Amino acid sequence: MALKLISTSKCFAGEQRVYSHFSEVLKCEMKLGVYLPPQAIEEQIACPVLYYLSGLTCTHENFIHKSGFQKYAAENGLCVVNPDTSPRDVKIPGEDDSYDFGSGAGFYVDALQEPWSKNYQMYSYVTNELIALINSNLPVTKKQSITGHSMGGHGALISALKNPGLYQSVSAFAPICNPCECAWGQKAFKGYMGDDKEEWKNWDATELASKYSANPIEILIDQGTEDNFLKSKSLLPDNFLEVAASNDHLQTIYKQREGYDHSYYYIATFIGEHVNYHAKFLNKE
C-alpha cells in the first residue's frame, strides 16, 4: 500500500500534508490529511497518531483548514490523520443526490445493501486499512486514539466500542449518539443495511454501550448548548449518557459548552482541549 504525496506545507515547525492512495476496501482513490509534528520532521522520532473523523458533507479539507489543531499537535508531538467521509466518484446512481446519504455521508459503517456494499465500507477502511497504511508508510508508533465531529463523532464512538484496546482514548464533538432513533441515522442505516433494525443496533453507539463488557474505557463527549441539531433531537447524547451511566465498564466525561453551536467555530474553540486530552494517553509511558 503506497501513499502519494499531493501537497505539503510547513506548519508550527511540522508539516501539513495531503496524500492520496487507492483503497482496496473502498475500491476507489481516497485523499487524507496527515499532520506530522516537528518531532517527526526535525528529530526523526516516531510519534503516536490521533485519528479525526469528519461529519456530513465534509471532505478531508474541512478539518485541516478550519479547526486549528496543528498548534496543539505540534506541542504534544502527535501525528494527526483525517480521512475523507465516504468513497468518491464510484459511479453509483444517486450517490450525489442528497447531503446525508451517499457521497460525503458514509456514516463509518460497512454497507450490506447493493449497490452500496461494493464501495461503502468506511468502518473497515477506518479501523483496518487506514491504520495499516499509516503504520507502514509514516514515522509513527502503534499507539493511536480517535476523535470526530457529528457523523464523525458517531464513527469515533462505534470504532472504539467495537474494538476494545485498539485506541488509547476516544472523544467526540457533538456526536450522533443514537442513530437508530434519529432521522439522519434511520435514513443512512436503511439505505446501507436494509430494514433489519437488529442489524442497525450493531452500528449505534448507544446500543453498543448497553452491551459493552470489555476493558473499562473513558469517553469524552463535547456538546454545544445552542447546537440546532441537538435541539432537533438529531444527536441524542442523553440517551448515550444514560446507558453508559449504568455500565460499570464505561466512564463518561460530558462537557456542555454554553452558547456554542455545531460549527467549526465551536470545534476550533475546544480542539486544544481534545488534543491535550488524547496526548495524556498517547504519550504515557
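**Close-up 1. Gln44 and Thr57, two residues with positive phi.** At 64% relative accessibility, Gln44 counts as exposed, because exposed means over 50% relative accessible area, buried under 20% and partly exposed in between (1.4 Å probe, protein chains only). The model is a predicted one, in which local features need pLDDT of at least 70 and side-chain atom pairs count only at pLDDT 80 or more, while totals for chains, interfaces and linings use all residues. Residues are numbered from 1 along each chain as its sequence is written, and side-chain values use heavy atoms, with hydrogens and water left out. Gln44 has a positive phi of about 60° although it is not a glycine. Its place is the loop between helix 1 (38-41) and strand 4 (47-53). Helices (H or I, at least four residues) and strands (E, at least two) are DSSP runs, numbered from the N terminus. Thr57, also not a glycine, has a positive phi near 75° and lies in the loop between strand 4 and helix 2 (61-66). Most residues other than glycine have a negative phi, and most peptide bonds are trans.

Close-up 2. Pro115 is found in the loop between strand 5 and helix 4.

**Close-up 3. The aromatic pair of Phe107 and Phe189.** The structure holds 17 aromatic pairs. Rings of Phe, Tyr and Trp (its six-membered ring) pair if their centres lie within 6.5 Å; planes under 30 degrees apart count as stacked, over 60 as edge-to-face and the rest as tilted. Phe107 and Phe189 have ring centres 6.5 Å apart and planes at 75°, so this pair is edge-to-face. The pair links distant parts of the chain, 82 residues apart: Phe107 is in the loop between strand 5 (79-83) and helix 4 (122-137), and Phe189 is in helix 6 (residues 183-193). Phe107 is buried, at 0% relative accessibility, and Phe189 is buried at 0% as well.

**Close-up 4. The pair of Trp184 and Phe229.** This aromatic pair is tilted, with 4.7 Å from centre to centre and 45° between the planes. Trp184 lies in helix 6 and Phe229 in helix 9 (residues 228-231), so the pair ties together parts that are 45 residues apart in sequence. Trp184 is buried, with a relative accessible area of 7%, whereas Phe229 is partly exposed at 30%.

**Close-up 5. Phe107 in the largest nonpolar core.** A nonpolar core is a set of buried Ala, Val, Leu, Ile, Met, Phe, Trp, Tyr and Cys residues joined through side-chain atoms within 4.5 Å. The largest one has 91 residues, of which Phe107, Ile134 and Tyr192 touch the most other members. Leaving aside neighbours within four places in sequence, Phe107 is in contact (heavy atoms within 4.5 Å) with residues including Leu56, Met151, Ile176, Trp184, Phe189 and Tyr192.

**Close-up 6. Lys162 over two rings.** The charged end of Lys162 sits over the ring of Tyr123, 5.4 Å from its centre, and over the ring of Trp203, 4.3 Å from its centre. A charge sits over a ring if NZ of Lys or CZ of Arg is within 6 Å of the ring centre and within 35 degrees of the ring normal.

Close-up 7. Cys47 is buried at 2% relative accessible area, and Cys177 is buried at 0%.
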